[in-house]
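Please consult the sequence and the model shown here while reading.

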Amino acid sequence: MHSRFADRILLLVVAIVWGLNWVSVKLALHGFSIWTFRALSFGGGALILMLVARWIGASLRVAKAVDRLHLAIAGLFSTAGFGALTAF
C-alpha cells in the first residue's frame with residue numbers, strides 16, 4: 001500500500017512535468033510548424049504507449065469489431081478534434 005507521503009510526491013512530480021510541458025511546447029513551436037509538432041507529439045505518444053504496454057505485458061488489442069468502431073469514433077472526436085482545435 002502506498003503511503004500518503006509517496007502519493008504527495010507523485011502528485012508533485014506530475015505537476016512539475018505538466019508545468020514543464022507548457023514550456024517545452026512553447027519552445028518546440030519556434031522550431032516546427034504546428035502540424036509537424038502535432039504529428040510528432042501524437043506519434044511519440046502512441047509509440048510510448050505501445051512500448052509501455054509491451055514492457056508491462058498488457059495487450060492493446062480490441063477484440064470486437066463494434067468496440068473498435070466505437071474506439072475509432074471516440075478517438076476521432078477527442079484526440080483528433082483536440083489536436084485540430086487547439087492548433088489555432
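## Basis and overall fold

Helices (H or I, at least four residues) and strands (E, at least two) are DSSP runs, numbered from the N terminus. The model is predicted, so local features need pLDDT of at least 70 and side-chain atom pairs count only at pLDDT 80 or more, while totals for chains, interfaces and linings use all residues. Residues are numbered from 1 along each chain as its sequence is written, and side-chain values use heavy atoms, with hydrogens and water left out.

The protein has three helices and zero strands, in the order α-α-α from the N terminus. Its radius of gyration is 17 Å, well over the 12 Å that the globule rule gives for 88 residues, so the protein is more spread out than a compact globule. That radius is taken over C-alpha atoms, and the rule is 2.2 Å times the number of residues to the power 0.38. Along the principal axes, the C-alpha atoms fill a box of roughly 45 × 40 × 20 Å.

## Surface and exposure

Of the 88 residues, 8% count as buried (buried means under 20% relative accessible area, exposed over 50%, partly exposed in between; 1.4 Å probe, protein chains only). The protein exposes about 7700 Å², of which carbon and sulfur atoms supply 75%; the areas come from the Shrake-Rupley method with a 1.4 Å probe, and for residues only the protein chains shown count as cover.

Phe5 belongs to helix H1 (residues 4-28) and is exposed, with a relative accessible area of 61%. Together with Ile9, Leu12, Val13, Ile16, Val17 and Leu20, Phe5 makes a nonpolar surface patch of about 680 Å². Patch residues have over 30% relative accessible area and no salt bridge, and nonpolar side chains (Val, Leu, Ile, Met, Phe, Trp, Tyr) are joined within 5 Å, like charges within 9 Å. A salt bridge is a side-chain nitrogen of Lys or Arg within 4 Å of a carboxyl oxygen of Asp or Glu.

## Helix H3

Ala72 lies in helix H3 (residues 65-85) and counts as partly exposed, at 47% relative accessibility. The C-alpha atoms of Ala72 and Leu51 are separated by 21 Å, and these residues stand 21 residues apart along the chain.
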